[in-house]
Amino acid sequence: MGAQMLLTTTVGSFPKPTYLSKARNDYGKGRLSEQELSKLERKATEECIRLQEGVGLDILVHGEMERGDMVTYFAERMEGFGISGLVRSYGNRYYRKPVVKGEVKRDRPITVETFKFAQGLTAKPVKGMLTGPYTMCDWSFNEFYPDRRSLVLALAGEIRKEVLDLEKAGAKYVQIDEPAISTRPDEIDLAIEAMKIVTQGVKAKTISHICYGDFTAMYPRILDLAVDQLDLEFANGDFANLDIFKSPPFTKEVAVGVVDVHSHVIESKEQVKAGIRKALEVFPLENVYIDPDCGLKTRTWEEAEAKLKVMVQAVKEIKKELGLK
Ligand SMILES: [Zn+2]
């Protein structure tokens, strides 16, 4: 009993090894071929799978070695998008933002090859990883559709095709991230309407990761997102936001973020165990998965590995305390 409880996973991104960051830069400057880059991306993906197996995670990710920005990556591979000039975001950070200039269309699978490659490396399940329609819209300029709703719903229909292709390729879990939801709680109805389209009739387990922590304005509405599991961050706010989910009761599976991805400091095992115990006071044991707060791409490879080791060890000891396998 209990082998299938408190399964451990991660949110999706892993740090890029130095050789890959260098290769991406060289490729951007035309000094490296696409083939060479892709070879190194696969090497890094394999290293990422081995790291996760080594640590002992239950559900793996491919690590997103081929991706830069989670919206731009998809926009560049769909019809209807262009890319803007440099736009200022936080402080002095500049980036290029996707621009919708025509009907959005996904002509061919975007993530399926990478998924198959990663899944082929391991006997453990690997999650399919997508960016949701609401976030795709919110982080792009719209110069074509009459309003945000028509763009979001059009994107939903296209992303749905990718979900179905991933499922066909054998994905047991498909994650459709919607980090932008928490920045615009006034538009949550639209995000909910779109997710219904994305996951309708899908048999793979569906997950959505929502970032940035303040769930007060969105709860319990987020329970209407048509996914089996919500993946939320808790460690960053020292688990204070758990209280929000006490009432009404949480009706989905939940992946509980128990290590802070924004900090270099490696949590102690006792700290992580305390977090898990708090979460189990709010969520039913059989619905709980354990993972870091968010993607690990801003950490170093060593920090990512160390945080995951502590996490897996903490889960083992909690399971023992509970009399689970
Ligand atoms: Zn996140």
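Trainee: Which elements do the buried residues of helix 4 pack against?

Mentor: Helix 2, strand 4 (128-131) and helix 6 (148-168). Helices here are DSSP runs of H or I with at least four residues, strands are runs of E with at least two, and both are numbered from the N terminus. Bear in mind that this is a predicted model, where local features need pLDDT of at least 70, side-chain atom pairs count only at pLDDT 80 or more, and totals for chains, interfaces and linings use all residues. Residues are numbered from 1 along each chain as its sequence is written, and side-chain values use heavy atoms, with hydrogens and water left out.

Trainee: What makes the buried residues of helix 4 line one face?

Mentor: The residues in question are Val112, Thr114, Phe115, Ala118 and Gln119. Looking down the axis of helix 4, they fall within an arc of 160 degrees, so they line one face. That arc is taken over the directions from the helix axis to the C-beta atoms.

Trainee: And helix 1, what sits on its buried face?

Mentor: Leu20, Ala23 and Asp26 are the buried residues of helix 1 (residues 18-28). Their arc is 120 degrees, so they too line one face. They pack against helix 2, while Thr18, Lys22 and Gly28 on the other side of helix 1 are exposed. Just past the end of helix 1, Gly30 has a positive phi of about 75 degrees.

Trainee: Why is Tyr134 called buried?

Mentor: Buried means under 20% relative accessible area, exposed means over 50%, and partly exposed is in between (1.4 Å probe, protein chains only). Tyr134 has 1%, so buried it is. This residue belongs to helix 5 (residues 133-138).

Trainee: What makes the Tyr134 and Arg148 side chains a polar contact?

Mentor: A polar contact is a pair of N or O atoms within 3.5 Å; within protein, one must be able to donate a hydrogen and the other to accept it, and residues adjacent in sequence count only if both atoms are side-chain atoms. The Tyr134 and Arg148 side chains are at 3.3 Å, so the pair qualifies.

Trainee: Is Glu53 buried, exposed or partly exposed, and how do you know that?

Mentor: Its relative accessibility is 29%, so Glu53 counts as partly exposed. Glu53 sits in helix 2 (residues 34-55). Leaving out residues up to four places away in sequence, Glu53 touches Leu60, Leu121, Thr122 and Ala123, where contact means heavy atoms within 4.5 Å. With Thr122 there is also a side-chain to side-chain polar contact at 2.6 Å.

Trainee: What makes His209 a donor of the zinc ion?

Mentor: Donors are N, O and S atoms within 2.8 Å of the metal (3.2 Å for Na, K and Ca); water is not among the atoms, so sites may look incomplete. His209 (NE2), Cys211 (SG) and Cys294 (SG) lie 1.8 to 2.1 Å from the zinc ion, so they count as donors. Their sequence spacing is H-x1-C-x82-C, and both His209 and Cys211 are buried.
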